[in-house]
Amino acid sequence: MSPDELKAEIEAEIRELIKELQDGTLDRKTLEAALKKLQEQLEDMPPYKASLD
């Protein structure tokens with residue numbers, strides 16, 4: 001998975017978590033599990049390298 005695809009996936013997961021929080025349908029255990037999963041994905045993500053073309 002490319003860094004851009006991973007970034008898009010993480011952003012989508014965060015948007016879904018925010019929606020569930022706003023709707024009041026997200027419990028603490030689910031939130032903590034989702035945040036832990038996102039943290040692991042971010043730790044595996046290579047550092048961003050800007051292209052200076």
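## A quick look at helix H2

On helix H2, the face turned away from the buried side carries the exposed residues Arg28, Lys29, Lys36, Glu43 and Asp44; exposed means over 50% relative accessible area, buried under 20%, and partly exposed in between (1.4 Å probe, protein chains only). This is a predicted model, in which local features need pLDDT of at least 70 and side-chain atom pairs count only at pLDDT 80 or more, while totals for chains, interfaces and linings use all residues. Residues are numbered from 1 along each chain as its sequence is written, and side-chain values use heavy atoms, leaving out hydrogens and water.

**The whole chain**
- The protein chain has 2 helices and 0 strands (DSSP runs numbered from the N terminus: H or I of at least four residues for helices, E of at least two for strands).
- Of its 53 residues, 15% count as buried.

**Helix H2**
- H2 spans residues 28–44, 17 residues in total, and reaches 25 Å from its first C-alpha to its last, close to the expected 24 Å (1.5 Å times one less than its number of residues).
- Its buried residues are Ala34, Leu38 and Gln41.
- These residues lie on the same side of H2 because they cover an arc of only 55 degrees around the axis, taken from the directions from the helix axis to the C-beta atoms.
- Helix H1 (3–23) is included in what covers the buried residues of H2.

**A closer look at Gln41**
- Gln41 counts as buried because its relative accessibility is 14%.
- Leaving aside residues up to four places away in sequence, Gln41 touches Leu6, Glu9, Ile10 and Glu13 (contact means heavy atoms within 4.5 Å).
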